[in-house]
Amino acid sequence: MKIYLLIFGIIIREMENIKYIIDRFFFYKENISLINLISSQLTKKNINIYKGKYFHKFIDHSKKFNLKFKDNKSNNYILVENFVNHPYYTYANIISAKLLNEYFNYKLLGVLREGDFRAKLIFQAFGVKKFFTLKKQNLLSRINYSIKAICLIKDNINISDFCKITYNKIEIGYSTYDSYIRYTGDSSLKKVNPKLISMLSTCMYDCDELKKKLFIKKNIKISIQSETVFNPLNSFFQLSLLNKINIFSRCGQSEISLRHYTNWKQRNTYRYNISQKIFNIIKKKNKKKIHNWFNRFKNKSFKAKSFGIDLRIAKFYKKNKKIFNKQQLIKYFKWEDKKIVVFFFNHFIDRNYHNGPRINFQDSYSWTKYALNKIKHKKNVNWILKPHPTEKFYNSKKNLDFEISEIIKKHKNIKLFPNDLSNLTLLKSADFAVTSNGSVGMEYPAFGIGCAYTEKSTYSNLAFTQPIKGKANINQFFKNIENYITKPKEDYIFNSKTYLYIQKKILLSNCTLLPKEDISRAIKEENFWDKCISLQRKFAFSNDDFFKMLGIQLKYKMRHTFNLDKDKIKITRKIYKDYID
């Protein structure tokens, strides 16, 4: 078995390397000026090798705009990475680093993949002079690390064992498995396969390169990174924490917040996990504001029919969908008059993804398959199966479509939620909801509808809510679900409203340098750079909410960059040190 994994793992690596070379050739042909590239290599000068009228203007304007920022005088460094090769991520990272550095005055050190010329040009335009480049492996290195990967897994052929693998204190088993799901579209594995070995070997190489050549530096104090899951970002994240480097990771897009990580114990927590300390204070001192905000949020969502719409696909969502109440929905499905439970699917390969060890299931696909098997045996309630809204845009190779179709054919009390009905139908008709770790775990209780969930989430760290833990308890839950269908208590409802208020109202602050832009691969780059130039021309530190709130976050040692001025919330201005719950 190991010989098979090794041989085919190496073959996969070599095929991927050939594909990379071909892809880079066509990328260079489309985006790079060959004359400028040759000139820059020969003269060793910073020549803009990219095509694109507005990208050239953006680089030129950013060099002048950089004069607004302080000169770097300290010998300490802030790392700013660009492992997500996307214009918005690159720009948001360097802007976050520059604004944060106004309060520290450190030097910036760019961390790039080999061949990432665009990010280097952008970082240089903002005054970055030193770089660490994570180089591509050569043939001997690829073979060497493939052998190392095979030796590391030992007899851990089952995925549950594979996920527990560590390498030089880095928990690379979970991050490699998550990366496999994300980048292959294969939403679940039972056994280790050659592709997983290939990805493990790459992760091991990245860890060694980063540890031996970057994190050996003792004067790195802060790291800026866009994501904390999937490799190489998760390896970079864990290595930063192991080396006691403070990490600031971005939440949001044009309105943003920086989550401040300070300790190894925080390695498996979500960026959006609000601290219990801040939650308690906001809840206690702002009850009237929270109630008023929620009523406005509810009315606006109902009027615009925007509740439950993923922002990434809002432009594709038809707003003229029908809204039914409970009796109308029962009649529509030709159901008996029973309680209605909505089962919300997670995105199988991307959204609401796990951070580190799971509580019950190794992936979203395994949980969904398990739950469907339980649901089909429970006939004394009516079930609505609600797919994740973005699933069809990020098709996974395993999507359970056939299984769902068969279940619906055989069980009259189970229906797939129709595309021609508005999400508001669910709020008006559901008696209960079930999710793995989706946002409905807080949204539905805020509207007075109970919800059970089973995994770590952006809210599971808060004391008032707990996931169902253990297969035995989950079995019991599905077996006796009618006993769980009750309206949440008033305090739970208000806690859920408080959570939504913090997440939607005050967690994020407007960064006037970041445009509202498509963060998918469909981004129109020239339009993006043009917008960035316009925002740079209008920028002033005194008018930037994010910059001002960042100062407050640092002064009071807060986990997130809360907008304390927005809605004039009542909160004691004091040192919090709420990094760890």
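Against which helices do the buried residues of α3 pack? In this predicted model, for which local features need pLDDT of at least 70 and side-chain atom pairs count only at pLDDT 80 or more, totals for chains, interfaces and linings use all residues. Residues are numbered from 1 along each chain as its sequence is written, and side-chain values use heavy atoms, with hydrogens and water left out.

**Helix α3**
- The buried residues of α3 pack against α4 (87–101), α5 (117–125) and α20 (525–538), where contact means heavy atoms within 4.5 Å.
- Those buried in α3 are F55, F58, I59, H61, S62 and F65, buried meaning under 20% relative accessible area with a 1.4 Å probe, protein chains only.
- With 13 residues (53–65), α3 reaches 18 Å from its first C-alpha to its last, close to the 18 Å expected at 1.5 Å a residue, the expected span being 1.5 Å times one less than the number of residues.

**Overall fold**
- The protein chain holds 21 helices and twelve strands, taken as DSSP runs (helices H or I, at least four residues; strands E, at least two) numbered from the N terminus.
- Its radius of gyration is 25 Å, close to the 25 Å that the globule rule gives for 581 residues, so the protein chain is as compact as a globular protein of that length; the radius is taken over C-alpha atoms, and the rule is 2.2 Å times the number of residues to the power 0.38.
- Of the 581 residues of the protein chain, 56% are buried.
- Among contacts between residues at least 6 apart in sequence, 72% join residues at least 24 apart.

Note on methods: Buried < 20%, exposed > 50% of the residue type's maximum accessible area, 1.4 Å probe, protein only.
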